[in-house]
Amino acid sequence: MIEKTGMNIPGAGLTKSSNGSAAKAIGDTAGGSFADFVKAAGEDALKTGRSAEVQSLNAAAKNSEIVDVVTAMANAELTLETVMTMRDRVVQAYQEIMKMPI
């Protein structure tokens, strides 16, 4: 189970959507679908990437500290690695399903 560590992991725990309501936690399956979970995780990943871009632009304009930029870039890198790992696992699961005899 994913513990709350203060790190921004897409889909972990509760995330805020654009309308302000909280998305369902990973373990909470009542009323939510897998598609909703994937959508919320994708939106969170995009938000993290955009935040890193904004921090980089602010640093270029000398409106932000370098520590904030490095932190935002590290979060974006972690999010990208998480998305790539999830993609690899989905492809691996698909390949295993295709190998199953009918």
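**Exercise 1. How many residues apart in helix 1 are Asp-44 and Lys-47, and what links their side chains?**

Being 3 residues apart in helix 1, Asp-44 and Lys-47 are separated by about one helical turn. The model is a predicted one. An α-helix has 3.6 residues a turn, so residues three or four places apart point the same way. Next, check the atoms. The closest N and O atoms of Asp-44 and Lys-47 are 3.9 Å apart. The cut-off for a salt bridge is 4 Å. Asp-44 and Lys-47 form a salt bridge.

Now take accessibility. Asp-44 has a relative accessible area of 6%, so Asp-44 is buried. Lys-47 has 49%, so Lys-47 is partly exposed.

**Exercise 2. Is the aromatic pair of Phe-34 and Phe-37 stacked, edge-to-face or tilted?**

The structure holds 1 aromatic pair. The ring centres of Phe-34 and Phe-37 are 6.3 Å apart and the planes stand at 40°, so the pair is tilted. Stacked would need under 30 degrees, edge-to-face over 60.

Phe-34 and Phe-37 both lie in helix 1, 3 residues apart, about one turn. Phe-34 is exposed at 64% relative accessibility. Phe-37 is partly exposed at 25%.

**Exercise 3. What span does helix 2 reach, and which helix do its buried residues pack against?**

Count first: helix 2 covers residues 66-99, 34 residues. From first C-alpha to last, helix 2 reaches 49 Å, close to the 50 Å expected at 1.5 Å a residue. Its buried residues include Val-69, Ala-72, Ala-76 and Thr-79. The buried residues of helix 2 pack against helix 1 (34-60).

**Exercise 4. Where does Lys-62 lie, and is Lys-62 buried or exposed?**

Lys-62 sits in the loop between helix 1 and helix 2. Its phi is near 60°, a positive value in a residue other than glycine. Lys-62 has a relative accessible area of 75%, so Lys-62 is exposed.

Conventions: Residues numbered from 1 in each chain as written. Predicted model: local features only at pLDDT ≥ 70, side-chain atom pairs only at ≥ 80, totals over all residues. Heavy atoms only, no water. Helix = DSSP H or I, 4+ residues; strand = E, 2+ residues; numbered from the N terminus. Expected span 1.5 Å × (residues − 1). Buried < 20%, exposed > 50% of the residue type's maximum accessible area, 1.4 Å probe, protein only. Contact = heavy atoms within 4.5 Å. Phe/Tyr/Trp six-rings, centres within 6.5 Å; stacked < 30°, edge-to-face > 60°.
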